[in-house]
Amino acid sequence: MLNFFIGFAFFEAGAFFGFFVAALMQAARSGEIELNGKEDSHGREHPVGAENCAGTASAAGRD
């Protein structure tokens, strides 16, 4: 009987997180969540991880 309740708890947790992930994926697909880049204060878009596009070292990175 305990095995049933443990299995049911795992099933419910999986269903809950599955629906949560599906909702996130649907929001990303519909454009409600932006995953591809950042926008600076001037409205220009930059790919994620491209804060240093010119290839020069930032002041914090020179230590």
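The UniProt record, an unreviewed entry, places a "transmembrane region" at residues 6–25. In the model, which is predicted, this span is 100% helix and 0% strand. The C-alpha atoms at the ends of residues 6–25 lie 28 Å apart.

The helix concerned is H1, which covers residues 2–30. H1 contains 29 residues. From its first C-alpha to its last, H1 reaches 42 Å. This is close to the 42 Å expected at 1.5 Å a residue. Glycine 31 follows H1. The phi angle of glycine 31 is positive, near 95°.

A nonpolar patch was found on the surface. Met1, Phe4, Phe5, Phe8 and Phe11 make up this patch. Together they present about 640 Å² of accessible area. Individual values were computed for several of these residues. Phenylalanine 4 has a relative accessible area of 55% and is therefore exposed, since the cut-off for this class is over 50%. Phenylalanine 5, a residue of H1, is partly exposed at 47%. Phenylalanine 8 is also partly exposed, with a relative accessibility of 41%. Both values fall between the limits of 20% and 50%, so neither residue counts as buried or exposed.

Aromatic contacts were examined next. A pair of aromatic rings is described by the distance of the centres and the angle of the planes. The structure holds four aromatic pairs. One of them joins phenylalanine 4 and phenylalanine 5, whose ring centres are 5.6 Å apart. The planes of these two rings meet at 70°, so the pair is edge-to-face, as angles over 60 degrees are classed in this way. Phenylalanine 4 also pairs with phenylalanine 8, with ring centres 6.2 Å apart. Here the planes lie at 20°, so the pair is stacked, the cut-off being under 30 degrees.

The spacing along the helix bears on the second pair. Phenylalanine 4 and phenylalanine 8 are four residues apart in H1, and therefore about one helical turn separates them. An α-helix has 3.6 residues a turn, so residues three or four places apart point the same way. Ring pairs link Phe4, Phe5, Phe8 and Phe11 into a cluster. These four phenylalanines also belong to the surface patch, along with Met1.

Key. Residues are numbered from 1 along each chain as its sequence is written. This is a predicted model: local features need pLDDT of at least 70, side-chain atom pairs count only at pLDDT 80 or more; totals for chains, interfaces and linings use all residues. Side-chain values use heavy atoms; hydrogens and water are left out. Patches are made of residues with over 30% relative accessible area and no salt bridge: like charges are joined within 9 Å, nonpolar side chains (Val, Leu, Ile, Met, Phe, Trp, Tyr) within 5 Å. Accessible areas come from the Shrake-Rupley method with a 1.4 Å probe; for residues, only the protein chains shown count as cover. A salt bridge is a side-chain nitrogen of Lys or Arg within 4 Å of a carboxyl oxygen of Asp or Glu. Helices (H or I, at least four residues) and strands (E, at least two) are DSSP runs, numbered from the N terminus. Buried means under 20% relative accessible area, exposed over 50%, partly exposed in between (1.4 Å probe, protein chains only). The expected span of a helix is 1.5 Å times one less than its number of residues. Rings of Phe, Tyr and Trp (its six-membered ring) pair if their centres lie within 6.5 Å; planes under 30 degrees apart count as stacked, over 60 as edge-to-face and the rest as tilted. UniProt positions are given in the numbering used here, feature names are shortened, and annotations may be inferred rather than shown by experiment.
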